[in-house]
Amino acid sequence: MTRGSGSAATRRRSWRPSSCNSSTRGGSTWSVEHYLPGRVRGNGNDGSRVKIRDLLQHTSGLTDYVAAGGTKPEDIKPGQLRMAESGEPQRHYTPDELLKIAMSLPPGPAAKDLAVYSNTNYILLGMLIEKVTGHPAPEEITSRIIDRLGLKDTYFPKSGETDIRGPHARGYHRIGEKQVDVTDGDVSWAYTAGAMVATGADLNTFFTALLYGDLVSKDRLAEMKRTVPLNKNPKDGYGLGLVRVHNSCGKEIWGHGGGIPGFMTAGGVDPKGRAVALTFNHVPMSEKSNEAVMRAIDAAVCGD
């Protein structure tokens with residue numbers, strides 16, 4: 001068991017709230033202002049111009065509340081969180097605090113034909129889940145996905161929980177010239193953008209169930225597969241919380257990877273039901289190491 005990913009298995013950690021709800025064309029075309037009045041406002045941010053689909057597909061233009069790993073100091077925006085830059089424990093954050101940081105920053109251009117990844121979108125989706133259902137997002141994720149699929153090694157950490165339950169890998173992150181163990185810590189700063197914990201096996205179970213129609217209807221799954229290029233890797237196609245993963249063998253692979261300091265996941269499922277999940281206990285921070293990871297992913301999905 002590990003932490004963190006961008007979609008479904010390690011301390012981010014795994015599941016994306018977008019993958020299982022709110023993905024019909026009707027609901028997804030409503031504005032954020034309709035569901036969360038007054039929450040996306042200020043410094044040029046306007047929730048009436050942002051559709052639910054924009055949150056799911058990262059076409060909202062909303063600025064990320066956390067600086068991406070490896071961001072140059074001159075490119076970090078005022079107020080953005082900078083994670084794992086010291087060995088000091090992270091404090092606890094509420095979703096409201098995370099959204100407040102994002103709303104203190106002006107939005108970027110909202111191009112509907114390019115996904116620009118921003119964790120702010122998924123914090124808002126967590127708030128949307130709570131507004132629509134009347135229940136905390138972790139409870140809805142647990143009842144609708146984790147319990148339903150029997151994902152026994154997947155969970156959303158309780159408030160203030162810092163240790164990973166059960167046997168797990170240790171995660172490391174370079175801070176200065178040292179590799180620091182960052183396995184344990186408060187990851188409330190990721191919330192519904194990536195605070196979950198899971199295993200590679202559970203990841204495979206989740207994506208297989210999703211892509212074979214066990215969680216959403218055919219129409220909703222088709223909507224999830226309507227993609228635009230992803231800014232981080234234009235060869236990948238980003239749908240509604242679902243990525244068509246580019247590979248050298250031309251296979252149709254769908255999944256969603258990601259990471260937080262110390263852990264990273266990647267992989268996907270092909271039309272024949274072959275599922276691959278790779279977990280790493282260090283997020284690559286250089287172009288060379290990132291290319292090595294991408295080669296490993298490609299070998300896994302294209303192998304016989």
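Which elements cover the buried residues of α4? The cover includes β2 (41-42), β3 (45-46) and α5, where contact means heavy atoms within 4.5 Å. The buried residues of α4 themselves are L98, L99, I101, A102 and M103; buried stands for under 20% relative accessible area, exposed for over 50% and partly exposed for values in between, with a 1.4 Å probe and protein chains only.

This is a predicted model, in which local features need pLDDT of at least 70 and side-chain atom pairs count only at pLDDT 80 or more, while totals for chains, interfaces and linings use all residues. Residues are numbered from 1 along each chain as its sequence is written, and side-chain values use heavy atoms, with hydrogens and water left out. Helices (H or I, at least four residues) and strands (E, at least two) are DSSP runs, numbered from the N terminus.

**Helix packing**

Two helix pairs are listed below. Axes are lines fitted to C-alpha atoms, for helices over the stretch in contact, and angles run from 0 to 180 degrees between N-to-C directions.

| Pair | Angle | Axis separation |
|---|---|---|
| α4 (residues 95-103) and α5 (residues 119-133) | about 140° | 10 Å |
| α5 and α6 (residues 137-149) | about 80° | 8 Å |

α5 is therefore roughly perpendicular to α6, whereas α4 and α5 are oblique to each other. Angles under 35 degrees count as roughly parallel, over 145 as roughly antiparallel, 65 to 115 as roughly perpendicular and the rest as oblique.

The crossing of α4 and α5 is left-handed, meaning that the near helix is turned anticlockwise from the far one by less than a right angle. On the α4 side the contact is made by P95, D96, L98, L99 and A102, and on the α5 side by T120, I123, L124 and M127. By class, these are 7 nonpolar, 1 polar and 1 charged residues. Nonpolar covers Ala, Val, Leu, Ile, Met, Phe, Trp, Tyr, Cys and Pro, charged covers Asp, Glu, Lys and Arg, and the others, Gly among them, are polar.

Between α5 and α6, G126, I129, E130 and T133 meet A137, P138, E140 and R144. This contact has 3 nonpolar, 2 polar and 3 charged residues.

**Disulfide**

Taking a disulfide as a pair of cysteine sulfur atoms within 2.5 Å, the count comes to 1. C249 and C302 form this link, with their sulfur atoms 2.1 Å apart. The angle about the S-S bond is -85°, and the link is left-handed. The pair joins distant parts of the chain, 53 residues apart: C249 lies in the loop between β9 (243-244) and β10 (254-255), and C302 in helix α9 (residues 287-302). C249 is partly exposed at 37% relative accessible area, whereas C302 is buried at 19%.
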